[in-house]
Number of protein chains: 2
Amino acid sequence: MAEAKHATARPLANGEIRIDFQTDPSRYRHWKLKVDGEVATLLMDVDEKAGLFEGYDLKLNSYDLGVDIELADAIERLRFEHPQVRVVVLRSAKPRVFSAGANIRMLAGATHAHKVNFCKFTNETRNGLEDLSENSGVKSICAINGTAAGGGYELALATDHIMLIDDGSAAVSLPELPLLAVLPGTGGLTRVSDKRKVRRDHADVFCTTEEGVKGKRAVEWRLVDDVVPGSKFDAAIAARAEEFAAKSTRSGAANGIALTPLKRGFAADGVAYGSLRVEFQRAERIATITLHGPKTPPPASADAMVALGADFWPLQLARELDDVILNIRLNELEVAAIVFKSAGDPAQVLAYDAFLDANRDHWLAREIRHLWKRVLKRVDLTSRSLVTLIEPGSCFAGTLAELIFASDRAYMLAPSPAGERGHDGDNKPPATIALADVNFGPYPMVNGVTRLACRFLADPGDVDRAKAARGKMLDAEAAQKLGLITFALDDIDWDDEVRVFLEERASFSPDGLTGLEANLRFAGPETMESKIFARLTAWQNWIFQRPNAIGEEGALKRYGTGQKPVFDMRRV
Amino acid sequence: MAEAKHATARPLANGEIRIDFQTDPSRYRHWKLKVDGEVATLLMDVDEKAGLFEGYDLKLNSYDLGVDIELADAIERLRFEHPQVRVVVLRSAKPRVFSAGANIRMLAGATHAHKVNFCKFTNETRNGLEDLSENSGVKSICAINGTAAGGGYELALATDHIMLIDDGSAAVSLPELPLLAVLPGTGGLTRVSDKRKVRRDHADVFCTTEEGVKGKRAVEWRLVDDVVPGSKFDAAIAARAEEFAAKSTRSGAANGIALTPLKRGFAADGVAYGSLRVEFQRAERIATITLHGPKTPPPASADAMVALGADFWPLQLARELDDVILNIRLNELEVAAIVFKSAGDPAQVLAYDAFLDANRDHWLAREIRHLWKRVLKRVDLTSRSLVTLIEPGSCFAGTLAELIFASDRAYMLAPSPAGERGHDGDNKPPATIALADVNFGPYPMVNGVTRLACRFLADPGDVDRAKAARGKMLDAEAAQKLGLITFALDDIDWDDEVRVFLEERASFSPDGLTGLEANLRFAGPETMESKIFARLTAWQNWIFQRPNAIGEEGALKRYGTGQKPVFDMRRV
């Protein structure tokens with residue numbers, strides 16, 4: 001089986017053929033994570049010679065996906081390795097510049113797919129920073145010591161509190177439109193209007209002014225929270241950090257757990273993790289992810305869970321699923337469909353969910369649940385067709401059952417008519433799925449509702465009926481009756497139906513499927529988070545296809561060449 | 001001044017150089033509007049030789065913009081000319097086909113701008129049909145006698161009740177993705193998931209199945225409301241119509257008013273209407289719309305208003321504004337900015353708003369308010385920069401003040417310092433604006449909130465402060481203080497600031513501005529209506545740029561040629 005085609009338009013600077021999302025602080029090139037009691041500092045100090053791809057320098061704390069992978073990693077470590085931290089301060093180590101935003105040369109040379117996935121990941125990272133504040137009580141402060149332009153200011157927007165130095169030149173800006181003919185698409189427009197609630201005409205002026213806004217007007221227009229003279233900047237930051245730490249509700253332990261490196265065995269046609277494996281059938285454009293249930297019962301106590309650390313099954317599996325989804329998104333561009341399978345004892349999966357429920361006030365149990373929530377959101381937002389195949393021996397129960405509801409379709413093998421042999425001639429008991437409390441609250445989608453509530457918009461009574469079935473092992477007939485699966489098929493139809501579906505999926509236009517799934521997966525309400533991925537991202541993706549931005553005479557290509565872009569002046 | 005460049009990629013079939021949105025039933029080629037007491041029938045009978053453009057036949061009740069212009073006109077006439085109608089039945093005059101949807105040859109040959117604006121207008125028409133039901137009590141039934149494919153089914157989705165004939169072959173379908181590699185973008189995906197609340201996996205199956213769904217499954221999956229045997233179809237429709245008529249709350253009069261043809265004087269550089277004129281400075285890419293206040297006080301009674309009919313100032317102006325906005329959208333593609341000006345007595349404008357308030361239970365007053373609501377939504381959704389210039393002699397009060405809040409920015413001329421001469425040396429009193437009750441409820445945006453609520457998301461107290469100022473003539477300083485305008489400028493700065501703004505706007509990438517404005521104008525909540533224009537439309541526009549759909553080997557181009565499309569199989 002062939003290796004994936006080179007996923008990127010230009011070589012990775014490290015000589016690898018795939019982008020890796022795993023890192024740790026000892027390998028950071030761009031960030032320094034310092035922890036001092038309750039206050040952590042994330043110091044942005046981008047190594048301009050350490051870009052992810054060849055062909056550009058990361059000047060002025062500009063960033064690419066590699067920089068953001070480190071940021072995402074650091075935020076995870078604040079959650080799991082530093083439970084005592086109550087405030088995180090984002091600062092720059094460069095003089096007079098916080099961040100110049102996404103690197104323009106990188107964007108100008110990136111494939112469309114890379115641009116889209118880069119933006120998606122950076123959006124998820126910034127949403128994760130907000131989740132850290134809202135749900136884990138780690139408040140964030142952005143201390144802007146100079147220029148915060150474009151993506152630099154968008155990062156600031158994801159924090160709780162923006163402090164701008166008042167030195168006559170430091171400014172925040174979103175110059176994407178006037179400079180580059182693209183949008184502030186990493187949440188910028190949405191956070192300006194929906195989080196900072198900047199008045200729309202002020203936002204219009206701000207987003208069309210290259211040099212941005214500084215000083216008193218930046219506060220009046222709600223773009224920053226404080227402007228502080230340079231001489232008082234450090235003291236003001238320290239005071240705010242202390243104030244926020246005092247108000248934080250985080251009740252973490254003094255000692256965290258280590259997020260040890262994932263165990264990964266790479267082969268040409270797949271990756272084997274500790275509790276999961278992925279197999280690529282590249283000719284068929286299929287990636288099959290098989291999740292393994294726990295091998296042992298849950299630990300006896302919360303302390304035992306802490307002692308297990310990163311080897312604790314739910315944590316291990318969540319980290320692995322996250323890694324494999326990101327790997328497919330960025331490196332396996334031709335995969336049309338992700339097939340979820342599982343293997344294990346559903347009762348054991350439910351036992352782990354019950355264990356986490358029982359310890360819901362324990363900091364680690366809570367962080368694991370929030371991690372699953374974010375990983376499942378990442379699945380929802382993955383622009384590949386998603387299908388769950390529920391077969392004998394599988395363990396789609398509780399948390400793992402969410403993958404059924406995250407999928408575009410789910411097929412479940414029904415027991416063969418009496419007397420016939422089972423699927424593949426094996427002797428496994430018939431496939432079952434099971435629901436638990438965890439399917440009814442802790443894992444909202446980006447639109448703020450649970451997958452089951454979103455599934456059963458037509459009749460909330462269906463949610464109640466599903467809830468009443470918690471804990472029961474549901475066979476195909478029962479699952480079908482409750483509306484939890486799409487099709488229950490017996491052994492005679494199974495192989496053909498599944499094969500035809502996967503072939504069909506691989507034959508459709510990938511773009512059409514992306515748009516279809518982006519609409520059908522998110523019925524019901526919208527939130528700021530979902531607006532970022534729908535309204536803002538969809539418009540940005542459109543612009544990323546338009547010659548005015550990406551054509552040879554477009555603004556992205558001509559930026560920095562001294563030549564003005566040439567625009568098609570027709571509005572659409 | 002030059003005529004607008006030919007706005008379309010291919011010749012209009014009628015030999016004209018611009019698409020005209022004005023029509024009347026005597027000129028319909030595609031629809032028949034029959035009124036029989038409380039029940040109206042809209043019979044779709046598309047003349048396949050009467051396409052808007054040359055180069056395609058409108059077979060099988062497929063449609064283009066010309067067909068939809070007639071539909072939109074017919075719906076307006078149901079509101080104003082037939083106030084006694086309580087139910088409208090949409091049917092086809094063709095045997096065994098309701099509608100094959102948007103014409104594929106038309107789409108394949110249309111410019112990107114035409115496709116986008118065609119979809120926007122058809123969406124507005126379908127939203128208007130829903131508004132007719134929700135706010136005017138005219139319930140709608142779609143009677144599907146055969147194939148309802150793509151846009152044909154999307155039209156059905158906009159009605160209150162879908163009846164499908166049960167003849168073993170009649171089906172509803174959304175085959176856009178499998179056949180054409182595009183989305184059901186005329187509200188289809190959003191209405192399937194958010195209005196019909198079809199379960200997402202069923203929707204996935206439905207939208208990827210060319211032949212669609214029929215019979216019992218169509219009801220079970222919530223795609224239609226009734227399936228009826230052919231022998232009972234007409235009787236069942238009549239019974240439903242009677243049932244809905246009995247439940248309707250419409251309390252219209254027996255006699256409506258005639259929507260007489262708009263008075264329009266076309267010149268090369270503009271159009272003069274009865275209460276409005278538009279001037280094009282095409283070299284500068286500016287369209288200036290000047291709205292004229294009423295020449296006379298409001299009529300003495302509701303009967304006098306009815307007697308005035310289409311000449312009643314608020315109705316006349318709303319129809320004219322609608323026509324000019326549509327003209328700019330479809331025919332004046334290079335216009336970057338629409339400048340709103342007004343001339344008249346603001347007190348008289350307020351008097352008309354007070355008259356409509358006083359007659360709010362009168363059917364005609366209500367329809368006029370709903371028309372303004374829809375026209376203002378059309379303004380919000382127009383992808384041109386919008387600016388209001390408030391000068392001495394203007395009358396931005398009440399309803400007309402909504403244009404200030406619909407604009408991306410508003411500039412107001414402040415009185416010159418004492419002793420200096422006024423603006424342009426004239427002797428008009430200083431510019432004022434005024435608010436009225438109408439600014440605080442009757443004109444919600446597509447996202448369900450008023451423009452002022454959306455403007456003042458940060459502090460609802462600002463809405464209260466604005467409300468407290470109702471009826472007052474607010475000068476620039478007062479308007480500025482209340483946050484109602486962007487900049488108050490005196491005579492010294494006015495010309496330069498406005499000129500620089502308009503030049504800047506004309507220099508930016510039109511696409512970037514479209515995306516920026518689509519985000520900044522719609523802060524706050526989303527509704528089904530706003531989801532159609534944001535999530536669905538933005539994704540569809542993206543797909544309309546992708547080679548898999550529109551390239552020489554793409555599905556739209558290859559449809560019907562016997563050649564299969566060739567897709568780039570990378571997902572983004």
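Which residue forms a salt bridge with A:Asp24? Select A:Asp24 and look for A:Arg27: the closest N and O atoms of the pair are 3.6 Å apart. Keep in mind that this is a predicted model. A:Arg27 is partly exposed, with a relative accessible area of 47%.

**Stop 1: a salt bridge in chain B**

Now select B:Asp167 and B:Arg96. They form a salt bridge, with the closest N and O atoms 3.9 Å apart. The pair links distant parts of the chain, 71 residues apart. B:Asp167 sits in the loop between β9 (161-166) and β10 (171-173) of chain B. B:Arg96 sits in the loop between β4 (87-92) and β5 (97-99) of chain B. Colour by accessibility if your viewer can. B:Asp167 is partly exposed at 32% relative accessible area, and B:Arg96 counts as exposed at 55%.

**Stop 2: a buried pair**

Go to B:Asp408 and B:Arg521. Their side chains meet in a salt bridge of 2.8 Å, N to O. This pair also links distant parts of the chain, 113 residues apart. Find B:Asp408 in the loop between α14 (402-406) and β18 (409-413) of chain B. Find B:Arg521 in the loop between α19 (510-520) and α20 (528-543) of chain B. Are these two buried or exposed? B:Asp408 is buried, with a relative accessible area of 3%. B:Arg521 counts as buried too, at 3% relative accessibility. The cut-off for buried is under 20%.

One link crosses between the chains: A:Arg200 and B:Asp408 meet in a salt bridge of 3.2 Å, N to O.

**Stop 3: the interface**

Show chain A and chain B in separate colours. Here, 87 residues of chain A are in contact with 87 residues of chain B. The area buried between the chains is about 8400 Å², and carbon and sulfur atoms give 58% of it. Highlight A:Arg200, A:Arg535 and A:Arg571. Together they supply 13% of the area that chain A buries against chain B, more than any other three residues.

How many salt bridges are there between chain A and chain B? The count is 16. Over all chains, the count comes to 116 salt bridges. Between chain A and chain B there are also 52 residue pairs in polar contact, both at pLDDT 80 or more. Of the interface residues of chain A, 100% are also interface residues in chain B, so the copies meet through the same surface.

**Stop 4: the axis**

Zoom out to see both chains. A rotation of 180° with 0.0 Å of shift along its axis superposes chain A on chain B, with an RMSD of 0.0 Å. That is the relation of a two-fold axis. To locate the axis in chain A, select A:Trp542: its C-alpha is the nearest to the axis, 2.1 Å from it.

**Stop 5: the nonpolar core**

Select A:Tyr153 and B:Tyr153. They have the most contacts inside the largest nonpolar core, which has 217 residues. Stay with A:Tyr153. Beyond its neighbours within four places in sequence, its contacts include A:Ile162, A:Val172, A:Leu174, A:Phe206 and A:Leu223.

**Stop 6: a buried histidine**

Finish at B:His370, in helix α13 (residues 363-380) of chain B. B:His370 is buried, with a relative accessible area of 14%. A polar contact of 3.1 Å joins its side chain to that of B:Lys373. Not counting residues up to four places away in sequence, B:His370 touches B:Arg79, B:Asp131, B:Asn135 and B:Ser136.

Note on methods
Residues are numbered from 1 along each chain as its sequence is written. Chains are lettered from A and ligands numbered from 1 in the order in which they are written. This is a predicted model: local features need pLDDT of at least 70, side-chain atom pairs count only at pLDDT 80 or more; totals for chains, interfaces and linings use all residues. Side-chain values use heavy atoms; hydrogens and water are left out. A nonpolar core is a set of buried Ala, Val, Leu, Ile, Met, Phe, Trp, Tyr and Cys residues joined through side-chain atoms within 4.5 Å. Buried means under 20% relative accessible area, exposed over 50%, partly exposed in between (1.4 Å probe, protein chains only). Contact means heavy atoms within 4.5 Å. Copies are superposed by least squares on the C-alpha atoms of residues with pLDDT of at least 70 in both. Helices (H or I, at least four residues) and strands (E, at least two) are DSSP runs, numbered from the N terminus. A polar contact is a pair of N or O atoms within 3.5 Å; within protein, one must be able to donate a hydrogen and the other to accept it, and residues adjacent in sequence count only if both atoms are side-chain atoms. Buried area is the accessible area (1.4 Å probe) that two parts lose on being put together, summed over both. A salt bridge is a side-chain nitrogen of Lys or Arg within 4 Å of a carboxyl oxygen of Asp or Glu.
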